[in-house]
Amino acid sequence: MKTVLIAEDEKLIRKGLEAMVRRAPVSVEEILTAKDGEEALEILRRQTVDVLITDIRMPRMDGIALTEQAAALPNPPLVLVVSGYDDFNYAISMLRQGVHDYLLKPVERERLFAALEKLEEKLNEQRREEQIISHQYLHAIRLIMLEQEESGEEYQNLVERYESDFIKEDYVAYCARAVSEDERTALRKLPEEALRFPATGDLFLYVLPAGQQESTEDLLPMPVGISRRHRGLAELRNSYREAFGGWQRSFFTGSPGREDTGNVKPLTVTGRQLLGMVSLAWDKEVSKLLGEQAEIVAKGEGDPEEFARICSEFIKGLCSAYENMIEPDDDPVRFAQLWNFKDIELYLEELEAWLSRFCVQLAVKFADYENKQKIRQAVQYMQAHFTEQLNMAVVSNYVSMNYSLFSLLFKQYTGANFVNYLQELRIKETQRLLETTDWRVNEIGRKAGFSDEKHFLKVFKAATGFSPTEYRKAKAILEQKEEP
């Protein structure tokens with residue numbers, strides 16, 4: 001239990017009860033005390049109390065009058081009466097009027113502990129019942145807000161049943177996402193009358209009296225949409241539609257939005273046009289065009305829903321057309337749902353990054369034949385000029401190919417990187433010259449394209465397991481053995 005209030009005019013007894021409550025086996029967050037009934041009633045009117053422990057005989061207002069007035073409060077406490085032997089009949093009468101338990105003075109610790117445990121069980125039972133009622137209420141409100149036809153009998157029945165529990169005066173609705181843990185603290189500043197209902201996806205509808213809406217949008221995470229003023233539960237459907245439309249507008253503007261009832265113009269792009277641009281690997285053009293259309297929507301000249309439909313059509317078409325090229329862990333289908341992103345800036349930023357990567361793959365794929373031809377030319381050039389001072393920049397320029405792309409495709413085509421492939425050509429030429437000439441080793445290295453003798457000797461030994469001299473001798477011995 002959160003709060004216990006002790007009303008007792010005798011100071012020693014009051015202090016003793018307070019000490020025993022602190023040591024009770026039930027958890028109590030706050031213990032309040034009052035020296036008479038009037039002081040206790042002031043506290044009850046000021047804040048919610050879970051359990052009231054009260055004496056019967058007290059000055060100014062006794063426990064009987066205190067209990068009666070406490071019962072009429074919006075959130076009445078559970079009452080535990082402490083009485084002397086002479087007041088026993090009063091205590092029994094109060095039990096019949098709704099008091100939950102009584103204890104005779106002097107109060108025994110074990111009896112007080114047992115009574116508090118019973119009251120804790122009662123409070124838990126009340127909370128469970130309140131949660132069930134609250135869940136039923138929220139479910140009914142959500143049906144009214146989203147799912148029921150206004151002309152339907154079930155809709156009318158729900159409105160009539162829950163109208164009395166709804167806000168009586170004019171109200172305003174706000175549409176915003178579910179909040180983070182850090183943002184929950186800010187929401188505690190919302191007026192007590194504010195209602196919060198789950199809407200679609202991770203969106204919620206916040207409804208509060210129109211006179212208490214000052215600075216509310218500052219407490220909710222962006223984007224946030226705001227409805228007009230409405231009255232009555234039957235109008236909740238319209239307030240949600242307006243607030244959701246405002247949220248969509250806020251998604252594009254980054255500031256609190258209201259539904260646009262003006263005449264908007266059709267957007268000047270289609271999903272099919274965007275898909276055609278991707279087929280040409282025009283990712284920058286796609287990003288630029290979408291950014292321009294988003295600006296039109298942000299100015300109120302375009303429909304947010306139309307922009308979302310264009311994006312959905314574009315992404316679904318892309319996923320279908322290039323199904324075999326898209327990696328399972330890089331599925332772009334998330335971009336088909338615009339509203340799942342935090343805002344339009346994040347959506348366009350992540351889509352642009354994905355399109356850039358994909359169009360590179362697409363360009364490589366569609367240019368595969370041409371690229372293979374260029375790599376063949378590069379290999380032929382290397383085979384003819386490996387004895388010269390070659391590097392990858394020289395060869396990639398020779399075949400007119402981007403340096404990075406050349407590096408990637410060269411390894412795919414030959415199975416080796418550029419340096420290793422060039423080195424292999426030179427080693428093979430070195431072996432040929434060692435076997436067929438009597439030239440000096442350092443001369444052979446230069447003839448094969450090695451400009452540094454130490455590097456040549458190291459590379460040759462690593463590749464063949466022999467030094468050039470050892471290799472020449474070994475080959476000569478093998479040739480002698482093979483002669484008849």
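A salt bridge here means a side-chain nitrogen of Lys or Arg within 4 Å of a carboxyl oxygen of Asp or Glu. With that in hand, some notes on this predicted model.

1. Ground rules. Residues are numbered from 1 along each chain as its sequence is written, and side-chain values use heavy atoms, with hydrogens and water left out. Since the model is predicted, local features need pLDDT of at least 70 and side-chain atom pairs count only at pLDDT 80 or more, while totals for chains, interfaces and linings use all residues.

2. Salt bridges. Searching the whole structure turns up 21 of them. One to look at is aspartate 101 with lysine 118, where the closest N and O atoms sit 3.4 Å apart. Aspartate 101 belongs to strand β5 (residues 101-104) and lysine 118 to helix α5, so this pair ties together parts that are 17 residues apart in sequence. (Helices, H or I of at least four residues, and strands, E of at least two, are DSSP runs numbered from the N terminus.)

3. Lysine 105 and proline 106 are joined by a cis peptide bond, with omega about -10°. Proline 106 is in the loop between β5 and α5.

4. Most residues other than glycine have a negative phi, and most peptide bonds are trans. A cis bond also runs from methionine 222 to proline 223, with omega near -5°; proline 223 is in the loop between α8 (216-219) and β9 (225-226). Arginine 60 is not a glycine, yet has a positive phi of about 65°, and its place is the loop between β3 (51-55) and α3 (63-71).

5. The largest pocket. A pocket is an open set of points on a 1 Å grid over the protein atoms alone, where a 1.4 Å probe fits, with protein on both sides within 12 Å along at least five of seven lines; lining residues have an atom within 4 Å of a point. The largest one holds about 260 Å³, a volume being the space filled by probe spheres set on the points, which are joined across faces, edges and corners. Helix α5 (residues 109-147) gives the most to the lining, with four residues. By class, the lining has six nonpolar, three polar and three charged residues (nonpolar: Ala, Val, Leu, Ile, Met, Phe, Trp, Tyr, Cys and Pro; charged: Asp, Glu, Lys and Arg; polar: the others, Gly among them).

6. Helix α14 on α16. Helix α14 (residues 368-385) and helix α16 (residues 403-414) pack at about 80°, with axes 10 Å apart. (Axes are lines fitted to C-alpha atoms, for helices over the stretch in contact, and angles run from 0 to 180 degrees between N-to-C directions.) That makes α14 roughly perpendicular to α16, a label covering 65 to 115 degrees, with under 35 roughly parallel, over 145 roughly antiparallel and the rest oblique. The contact (heavy atoms within 4.5 Å) includes Ile375 and Met382 of α14 and Phe406 and Tyr413 of α16.
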